[in-house]
Each structure stands twice: as C-alpha cells, then as structure tokens.
2 protein chains.
Amino acid sequence: MYGLIGKMRASRGQRDAVMDVLRASTGALPGCLSYIIARDPADADAIWVTEVWTDAESHKASLQLPEVQAAIAKARPFIAGFEFQVETHPVGGFGLADGKTG
Amino acid sequence: MYGLIGKMRASRGQRDAVMDVLRASTGALPGCLSYIIARDPADADAIWVTEVWTDAESHKASLQLPEVQAAIAKARPFIAGFEFQVETHPVGGFGLADGKTG
C-alpha cells in the first residue's frame with residue numbers, strides 16, 4: 001500500500017472552503033482505501049489529509065481524473081501552500097475501505 | 001471526531017516487531033473509526049500511525065483496555081521514542097469504519 005500524510009495551509013479564513021471542496025470530491029476513487037480530512041485544532045488555517053492507496057500508481061492516476069482535476073482547480077485559489085508531506089507504506093490496521101485490515 | 005498523527009521510532013532493527021504488535025492489537029475498539037500503521041520508506045526505524053476516533057474520550061478509554069495495555073507492555077521494549085505527534089479534528093472523507101463518510 002501507498003500512503004501520504006500532508007499538511008496544507010488555506011489562505012487566511014478559507015479553511016472551511018478548502019475542506020468543503022476536498023470533502024465533496026472524496027469518494028470511492030479507484031485504488032483509494034482511505035482519505036481523511038481534518039482540521040488542526042492548534043492552527044486555524046491548517047488542514048491535515050491522510051491517504052491510503054493500493055499503490056503509488058493509483059494515487060498518481062487519481063490526479064488525472066476529471067472530478068479530481070475539477071476539485072484541484074476549485075480549491076487552488078484558497079490554498080496558501082503545503083507545509084509538510086511524507087510518503088508512507090501502510091501495512092495494515094483498521095478502517096481501510098476494502099477490508100484489507102490486519 | 002478526534003484524530004492523532006504520530007511518528008514513533010523503533011529500536012534499531014525492531015520495527016517489524018513493533019508493527020506486528022500494533023497490528024495484532026488493532027481491531028474494532030469502541031469508538032475507533034480508523035487506525036492505520038505504516039512504514040516510513042525513507043527512515044528504516046520509523047513507524048507512522050494515523051488514528052480517528054469518535055471523540056477524545058474514546059481514545060483515552062481505549063488506553064485502559066486490557067488488550068491495549070498488553071500491547072503497550074509488549075511493544076515498549078522495542079520502542080526508542082516518539083518524534084512527532086499532532087492532534088487533529090477529522091471532519092470526513094472516505095474509509096472511516098462505521099460509514100461516517102463525506
């Protein structure tokens with residue numbers, strides 16, 4: 001599996017707008033096992049996104065999907081930048097979408 | 001919802017041992033919506049754990065469960081330390097265990 005943990009910064013006061021776009025565009029994309037969007041309670045403009053995909057190729061392919069391209073275009077004006085991103089190799093756990101747990 | 005993103009460091013060469021304990025103890029704990037364990041491909045002893053709980057109380061209560069206490073006791077000798085931890089407030093997404101998505 002392929003994972004991403006990232007922190008993005010919305011333009012001042014635009015966090016809810018960015019999160020609304022992210023939530024609306026998040027669904028059963030091919031190869032997506034988990035995609036969770038979270039506020040940072042200690043940082044008013046920060047958003048954490050944690051993702052799990054079957055593999056890096058699925059993630060890369062998702063960026064070309066029309067609905068994802070549309071979401072990126074819609075959110076971009078409200079995003080100030082990306083402050084942190086790490087790639088991970090998830091091995092299991094609980095709550096992965098297709099039952100690949102443990 | 002209540003989330004945690006954390007990076008722990010296993011003692012040199014003990015990452016698989018720690019991950020095995022984490023995976024074995026991860027199941028349908030009360031209030032747990034997601035608990036994903038991942039290797040850091042760029043850091044041989046590092047483990048990322050991303051968690052989503054219904055609320056902070058569920059997470060806190062889980063630490064008192066006998067199976068969780070046993071896992072902590074079993075993993076502790078192989079853990080060198082915790083390098084990063086952030087609390088989050090997840091708002092939605094895809095892949096949360098009980099269907100609280102979107």
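Partly exposed is the label for a residue between two limits: buried means under 20% relative accessible area and exposed means over 50%, worked out with a 1.4 Å probe on protein chains only. The model shown here is predicted, so local features need pLDDT of at least 70 and side-chain atom pairs count only at pLDDT 80 or more, while totals for chains, interfaces and linings use all residues. Residues are numbered from 1 along each chain as its sequence is written, chains are lettered from A and ligands numbered from 1 in the order in which they are written, and side-chain values use heavy atoms, with hydrogens and water left out.

**View 1. B:D16 and B:R39 pair up in chain B.** Here the two side chains meet in a salt bridge at 3.7 Å, N to O (that is, a side-chain nitrogen of Lys or Arg within 4 Å of a carboxyl oxygen of Asp or Glu). B:R39 belongs to strand β2 and B:D16 to helix α1 (residues 15–24), so the link ties together distant parts of the chain, 23 residues apart. Helices (H or I, at least four residues) and strands (E, at least two) are DSSP runs, numbered from the N terminus. B:D16 counts as partly exposed because its relative accessibility is 45%. B:R39, with 32%, is partly exposed too.

**View 2. B:R9 reaches B:D43.** This salt bridge has an N to O distance of 2.7 Å. You'll find B:R9 in strand β1 (residues 2–10) of chain B and B:D43 in the loop between β2 and β3, 34 residues apart. B:D43 is buried, because its relative accessible area is 18%.

**View 3. Over in chain A, A:K7 meets A:D43.** Their side chains form a salt bridge at 3.3 Å, N to O. A:K7 sits in strand β1 (residues 2–10) of chain A, while A:D43 lies in the loop between β2 (32–39) and β3 (46–53), 36 residues apart. Both residues are buried. Over all chains, the structure holds twelve salt bridges.

**View 4. B:P41 touches chain A.** Take a look at the loop between β2 (32–39) and β3 (46–53) of chain B, and there is B:P41. Setting aside neighbours within four places in sequence, B:P41 is in contact with A:E87, A:T88 and A:H89 (contact means heavy atoms within 4.5 Å). B:P41 counts as partly exposed because its relative accessibility is 41%. B:Y2 is 39 residues away from B:P41 along the chain, and their C-alpha atoms are separated by 27 Å.
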